[in-house]
Amino acid sequence: MNIAIVGTGYVGLVSGTCFAEMGVDVTCIDINTDKISALKKGVIPIYEPGLEDMVLRNMKAGRLHFSTDLSSVLNSVEIVFIAVGTPADEDGSADLHYVLNVAHEVGKAMNDYVLLVTKSTVPVGTSRLVRKAVEEELLKRSLDIDFDVASNPEFLKEGDAIKDFMSPDRVVVGVESDHARELMTRLYRPFLLNNFRVIFMDIPSAEMTKYAANSMLATRISFMNDIANLCEQVGADVNMVRKGIGSDQRIGSKFLYPGIGYGGSCFPKDVKALIHTAHENGCKMRVLEAVEEVNYKQKEVLFNKLKRHFSGNLNGKTVALWGLSFKPNTDDMREATSLVLISLLTEAGCSVRVYDPVAMNEAKRIIGENSSIYYATDIYDAVLGADALLLVTEWKEFRLPSWKVIKKAMQGNLILDGRNIYDKQELLSNGFRYEGIGIL
């Protein structure tokens, strides 16, 4: 089976590579010539565990190809996936510019049936716009060529994307014709050997499912952060509360970990987009608006704790940050809490020493050179002379540091644990002051 995937960002590259791994002949398309040139040389533009080896293996096997020209492969493929970005506009709506550009390009170049599948996260009704864009181009060419549109939203977690794609909880597919359903069934048949579910539904429901899923997960995070903040005020331990409610099968234990706010490419953007969709349709998403507000404030929690410990005056303090990416196992810093903290700290007159196992180059690209920011070489370099250490991202290499070395290297002794990964008694016994999120 031959398919094309337009967009070699996170979703497109991972999806294309995993389809190739299952024997599909895949051409990944991108208008970025530098990115395509690099990919042809085996240079991967994103960090994702296991992805580089899989890309190289499938390129060598002749199943994975890269190109800047969709029209050159369009009439030799059965399915074209749209996996381009849908960034949030200022009003929170999803920018469909890139999605519709692909649809217009398909309409300009197609000469035979094709199934056009939207994999990008898009608002309900986007597939209708995709169909209209293709039809407009066919009309200009005075052609009447049959085609189908479908929706196949992705549910990939950065850092676990390959596992999620190869062994997913479910695959959601929205179709409006039997032929489209047959093609998607054939494409996903190799995965059925692993006994996972392909859930077929109408296209609007598939489009809504993606937003609803991410918004529910974001809601659980903000709920637990609210509970954690209350626990600190009333003397409860959020870890005990989490275990107590997570044992209820109706609730479950996943996404009940308090922290310092969610970030990344999906949750913030998707929550905003769903709120915007509701407003456009005369509805108000009261719960999600609160979720967004809680998350915004939660990203300031460590800064507020730090201010309290130093009686409101942070000018001249040196603060170490461990972790810059929005979560472990990725270099993605989109909507990362670290960016909020760095901005607040530097505005308050702090010198900031930062370290991340993977995201240092991304941090330098986003933040740039700044006399108030030192890019450390490792965790111990980061804490040299620091008055306080803030744990921001729970990378594995941060779990068991040498506290004796850190105590000697630091000027102060304050540890603020934004992910509750440390044992308070161990830190206290090593001469530190310790504070987590929602714990006694």
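Q: Which residue in β2 does N2 stand opposite?
A: N2 stands opposite D25 in β2. Before going further, please keep in mind that this is a predicted model, and that what follows is read from its computed coordinates.

Q: How many bridges join β1 and β2, and in which sense do they pair?
A: There are 5 bridges between β1 and β2, and the pairing is in the parallel sense. Strand β2 covers residues 25-29 and is mostly covered, with 4 of its 5 residues counted as buried.

Q: What about β1 and β4, how many bridges join those?
A: Strand β1, residues 2-6, is joined to β4 by 4 bridges, and these two strands run parallel. One of the pairings puts I3 together with I79, which is its bridge partner in β4.

Q: Which way do the residues of β4 point?
A: β4 takes in residues 79-82, with I79 and F81 pointing one way and V80 and I82 pointing the other way, and all of them are buried.

Q: And which strand do 4 bridges join to β4 at residues 115-118?
A: That is β5, which runs parallel to β4 and is joined to it by 4 bridges. Within this pairing, V80 stands opposite L116 in β5.

Q: In which sense do β5 and β6 pair?
A: They pair in the parallel sense, over 4 bridges, and L115 is the residue that stands opposite D148 in β6.

Q: Changing topic, where does T121 lie?
A: T121 lies in the loop that runs between β5 and α6, the latter being residues 126-140.

Q: Buried or exposed, and why?
A: T121 counts as buried because its relative accessibility is 8%, and the cut-off for buried is under 20% relative accessible area.

Q: What is T121 in contact with, leaving aside its neighbours within four places in sequence?
A: With those neighbours left aside, T121 is in contact with T86, E154, K210, Y211, K269 and D270.

Q: How many residues apart are A273 and M184 along the chain?
A: They are 89 residues apart along the chain, and their C-alpha atoms are separated by 27 Å.

Q: What about R286 and K40, how many residues apart are those in sequence?
A: R286 and K40 are 246 residues apart in sequence, while in space they are 47 Å apart, taken C-alpha to C-alpha. R286 itself lies in helix α12, residues 286-298, and is exposed, with a relative accessible area of 61%.

Q: Which value does phi of S142 come near?
A: Phi of S142 is near 55 degrees, which is a positive value in a residue other than glycine. S142 has its place in the loop between α6 and β6, where β6 is residues 148-151, and S142 counts as exposed at 67% relative accessibility.

Q: And N420, what is its phi?
A: N420 has a positive phi of about 55 degrees, although it is not a glycine. N420 is placed in the loop between β13, residues 414-417, and α18, residues 424-429, and N420 is buried, with a relative accessible area of 16%.

Q: Stepping back, how many helices and strands does the chain have?
A: The secondary structure of the chain comes to 18 helices and 14 strands. The radius of gyration of the chain is 24 Å, close to the 22 Å that the globule rule gives for 440 residues, so the chain is as compact as a globular protein of that length.

Q: What share of the 440 residues count as buried?
A: The share that counts as buried is 53% of the 440 residues. The accessible surface comes to about 19,900 Å², and 50% of that belongs to carbon and sulfur atoms.

Q: How many positive and negative charges are there in the chain?
A: There are 49 positive and 57 negative charges, and their mean positions are 6 Å apart.

Notes: Residues numbered from 1 in each chain as written. Predicted model: local features only at pLDDT ≥ 70, side-chain atom pairs only at ≥ 80, totals over all residues. Heavy atoms only, no water. Rg over C-alpha atoms; globule rule 2.2 N^0.38 Å. Buried < 20%, exposed > 50% of the residue type's maximum accessible area, 1.4 Å probe, protein only. Areas by Shrake-Rupley, 256 points an atom, 1.4 Å probe, with all protein chains shown as cover. Lys, Arg positive; Asp, Glu negative; His and termini not counted. Charge placed at Lys NZ, Arg CZ, Asp CG, Glu CD. Pairing = 2+ DSSP bridges. Contact = heavy atoms within 4.5 Å.
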